[in-house]
Amino acid sequence: MTATKGLEGIVATTSSISSIVDGVLTYRGIDIDDLAENATFEEVIYLLWFGKLPNQAELEKLQSDLNAYSKVPDAVINQLKTFPKDVNSMAALRTAVSALALYDEEANDLSQESNVRKAIKLQAQIPGIIAAFARIREGKEPLASPGYSSVAANFLYQLTGKEPDKVAIEALDKALVLHADHELNASTFAARVTVATLTDIYSGITSAIGTLKGPLHGGANEAVMAMLEEIGTVENVVPYINGKLERKDKIMGFGHRVYKNGDPRAKHLQKMSYELGKLTGNLKWYEMSVKADELVTGLKGLKPNVDFYSASVYTTLEIPRDLFTPIFAISRTSGWTAHILEQYENNRLIRPRAEYTGPVNQKYIPISAR
Ligand SMILES: CC(=O)SCCNC(=O)CCNC(=O)[C@H](O)C(C)(C)COP(=O)(O)OP(=O)(O)OC[C@H]1O[C@@H](n2cnc3c(N)ncnc32)[C@H](O)[C@@H]1OP(=O)(O)O
Ligand SMILES: O=C([O-])CC(=O)C(=O)O
């Protein structure tokens, strides 16, 4: 038995949800470029869960279900109030989502009908949890969802307490479309491994959130912004990046396990970063990002991934840096739950093997002789 480090290139399951072939990403066969230009996040949620785009009535039913299930249980909000104010927001989200299961009577019901309902509940409540945590740590009261027809609009209102403007809603909505699913990425794989033991969907999403948090995965968007803040000026990009490359440090937001010629989502986020920067009169983050992109691509042949330009997009939308990865989780909840439903439908325990590299033929030595 020979191990493949990081399971690179290993095909571990079949799936009909999203695919990456020759650098082209599709959700249910529809090119991400097409979806990014035309679809709303709610249409994408429906597409991922039910395998087809919704008609008007189906879309409205989903929007109304999401609003109907949006209330985060008071017990979970009260628990968020007991968390230290300075904890990592993904850790707070992970703990709160785990707690949601305690207040859902059907948490352990594995029927398809119940699992679809719980997918709606998770998709509806995760934005509210993130917004509540962000407000609580600033000494503000959490807000109920205003019941708009858009996840992006509801979240922005719950975060800020202000009616969000059209530009912000559309930008966040597009970011949610772009992050919704991505074949067998690490957090989706973690979710599938978890539920393949026939445990509950909340356990699967808790595993996924803990996995997305890492800087080699979703956590990279926050690390990108930390890097841009550290660089500080457009003039400092070249010496800073050169220094990092000389020290063989990784540059966050670049490289990808599957895409070697560029992530098809990055160009949409780059365009958004430019447009939002122009609109707000602050192109500094965009210009720094482009300079870093030119340098890393030129010197290392590494292209930006989905996390790179999303950092400047969210910053220009005035979203605090440590909510970037939780926002990724709002979007990816649609993909995680789609994969969980698919896993339950045709389940087999996921249990690979390990190539043993430890000592052999050892004997037990009594403690007095060690
Ligand atoms: C939503 C997402 O999860 S997208 C990915 C988000 N993560 C990041 O942006 C973190 C930075 N990028 C990385 O760490 C990697 O490119 C990953 C984790 C995304 C992919 O990792 P892998 O497929 O395992 O590639 P691996 O880390 O083995 O890299 C291959 C080579 O490219 C180099 N490399 C890869 N990414 C980078 C980078 N961002 N900066 C500098 N060098 C890099 C590695 O050092 C390695 O070089 P070597 O062969 O000389 O040792
Ligand atoms: O697919 C991956 O390995 C990481 C990624 O881009 C994602 O999850 O969106």
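Q: Are α2 and α8 roughly parallel or roughly antiparallel to each other?
A: This is a predicted model, in which local features need pLDDT of at least 70 and side-chain atom pairs count only at pLDDT 80 or more. Residues are numbered from 1 along each chain as its sequence is written. The axes of helix α2 (residues 41-50) and helix α8 (residues 166-179) come within 9 Å and cross at roughly 20°. Angles under 35 degrees count as roughly parallel, over 145 as roughly antiparallel, 65 to 115 as roughly perpendicular and the rest as oblique, so α2 and α8 are roughly parallel.

Q: Which residues of α2 and α8 make the contact?
A: Contact means heavy atoms within 4.5 Å. From α8 come Asp-173, Leu-176 and Val-177, and from α2 come Phe-41, Glu-42 and Val-44.

Q: How many nonpolar residues does the contact of α2 with α8 have?
A: Ala, Val, Leu, Ile, Met, Phe, Trp, Tyr, Cys and Pro count as nonpolar, Asp, Glu, Lys and Arg as charged, and the others, Gly among them, as polar. The contact has two charged residues, no polar ones and four nonpolar.

Q: Which kind of aromatic pair do Phe-308 and Tyr-309 form?
A: Rings of Phe, Tyr and Trp (its six-membered ring) pair if their centres lie within 6.5 Å; planes under 30 degrees apart count as stacked, over 60 as edge-to-face and the rest as tilted. For Phe-308 and Tyr-309 the values are 4.9 Å centre to centre and 80° between the planes, and the pair is edge-to-face.

Q: Is Phe-308 buried or exposed?
A: Buried means under 20% relative accessible area, exposed over 50%, partly exposed in between (1.4 Å probe, protein chains only). Phe-308 has a relative accessible area of 0%, so Phe-308 is buried.

Conventions
Chains are lettered from A and ligands numbered from 1 in the order in which they are written. Side-chain values use heavy atoms; hydrogens and water are left out. Axes are lines fitted to C-alpha atoms, for helices over the stretch in contact, and angles run from 0 to 180 degrees between N-to-C directions. Helices (H or I, at least four residues) and strands (E, at least two) are DSSP runs, numbered from the N terminus.
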